[in-house]
Amino acid sequence: MNTPEQPATRGLRSLLQGLWLPLITPFRNRALDEASLRRLVRHYAGKPIDGLILAATSGEGMTLAAGELERIVALARAELAVAKCYIPICLGLSGSNTAKLCDALDETAAWPIDGYLIAAPYYSRPSQRGLTLHFGALADHASWPIVLYNIPYRTSVNISNDTLLELAEHPNIVGLKDCCAERDQSLDLLRRRPPNFRVLTGEDAHYYEALADGADGGILLSAHIETETFASVRSLLKQGDRDAARRHWDTVSVLTELLFAEPSPAPAKYWLSRTGLIDSAEVRLPMVEASAELSARLDAEIERRRQAREPKD
């Protein structure tokens, strides 16, 4: 699936498809848990994922110091090299100060990444013209390609399709993580987008629907669990076998509800800690760990899936 070295002729635009994993950031005793991070990357290097997003929402990126960001990228790339595979990496960035984000682009320009995932400015609620100028300035400045991230229920501003289509003309803007939460808007964008502008859904619960509508893939926290099944949904749809794709989707769709029953990534971290992939379910404030009630539900689902995998007598 993945080759040992980055193909020289393939940029992020061609690689931005399929199943991308927004990797959680493991902590222990309030510090970055490097051992667990290495274990995670090794684990997912052997899974059918097409890319990694580091330090975005699922990775609690806004709680990370600059030195931690750099360390996470370095460790991830090193572990992928040990695994002798090349998986593209996008670094999550966000902020409402265009100049500061340009500084962050400068500071990360030499890091071993393939691009950036950059959310719309939060809280300030700029106009569509402001969004165009903001992302245009970042794209002009960036040494690596940019994937836009539209998630208005977090940022309080929706990047309109007209704005997205204007931005899609920039050679350094290659695609979108679509969390607009409006199917009509998503369908309109899929119909009108240029052929080289990739659209991946970030709405875990609507993954099957988005793929059926024509999205190029998904960036899914839920794919930390049952990764192969999430990948198979897309591969089966591409083969034209919708019935099989739907059956596979039905086996994991419950995860997309359970893992977001409380603020993410706390439920996913609990699951990963209970199954031994990370040593602690610790999150950083203002996030808190999964409640006792949800933890019990997660334990029950872990056990149910364990029993389902056991050979029957």
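Trainee: Where is S156 found?
Mentor: S156 is found in the loop between α6 (152-155) and α7 (161-167); helices (H or I, at least four residues) and strands (E, at least two) are DSSP runs, numbered from the N terminus. This is a predicted model, in which local features need pLDDT of at least 70, side-chain atom pairs count only at pLDDT 80 or more, and totals for chains, interfaces and linings use all residues. Residues are numbered from 1 along each chain as its sequence is written, and side-chain values use heavy atoms, with hydrogens and water left out.

Trainee: What is the phi of S156?
Mentor: Phi of S156 is near 70°, a positive value in a residue other than glycine. Most residues other than glycine have a negative phi, and most peptide bonds are trans.

Trainee: Is S156 buried, partly exposed or exposed?
Mentor: S156 is partly exposed, because its relative accessible area is 43%. Buried means under 20% relative accessible area, exposed means over 50%, and partly exposed lies in between (1.4 Å probe, protein chains only).

Trainee: And Y123, what is its phi?
Mentor: Phi of Y123 is also positive, near 70°. Y123 lies in the loop between β6 (115-119) and α5 (128-141), and it counts as exposed because its relative accessibility is 76%.

Trainee: Which peptide bonds to proline are cis?
Mentor: The bond from S264 to P265 is cis, with omega near 15°. P265 is in the loop between α11 and α12 (266-274). A cis peptide bond also joins L285 and P286, with omega about 15°, and P286 is found in the loop between α12 and α13 (292-309).

Trainee: Changing topic, how many salt bridges are there?
Mentor: The count comes to 23 salt bridges, each a side-chain nitrogen of Lys or Arg within 4 Å of a carboxyl oxygen of Asp or Glu.

Trainee: What does E79 pair with?
Mentor: E79 forms a salt bridge with R38, the closest N and O atoms being 2.6 Å apart. This pair links distant parts of the chain, with E79 in helix α3 and R38 in helix α2 (residues 34-45), 41 residues apart. E79 also forms a salt bridge with R42, where the closest N and O atoms are 3.3 Å apart.

Trainee: Is E79 buried or exposed?
Mentor: E79 counts as buried, because its relative accessibility is 6%. R38 is partly exposed at 28%, and R42 is partly exposed at 43%.

Trainee: Which residues are linked in a network of salt bridges?
Mentor: The network links E226, E301, R304, R305 and R309.

Trainee: What about aromatic pairs, how many?
Mentor: The count comes to three aromatic pairs. Rings of Phe, Tyr and Trp (its six-membered ring) pair if their centres lie within 6.5 Å; planes under 30 degrees apart count as stacked, over 60 as edge-to-face and the rest as tilted. F230 and W249 form an edge-to-face pair, 6.3 Å centre to centre with 75° between the planes. F230 lies in helix α10 (residues 227-238) and W249 in helix α11 (residues 242-258), so the pair ties together parts that are 19 residues apart in sequence.

Trainee: Are F230 and W249 buried or exposed?
Mentor: F230 counts as buried at 0% relative accessibility, and W249 counts as buried at 5%. Y207, F230 and W249 form one aromatic cluster.

Trainee: Which ring does the charged end of R246 sit over?
Mentor: The charged end of R246 sits over the ring of Y208, 4.8 Å from its centre. A charge sits over a ring if NZ of Lys or CZ of Arg is within 6 Å of the ring centre and within 35 degrees of the ring normal. R77 lies over the face of Y86, at 4.1 Å from the ring centre.
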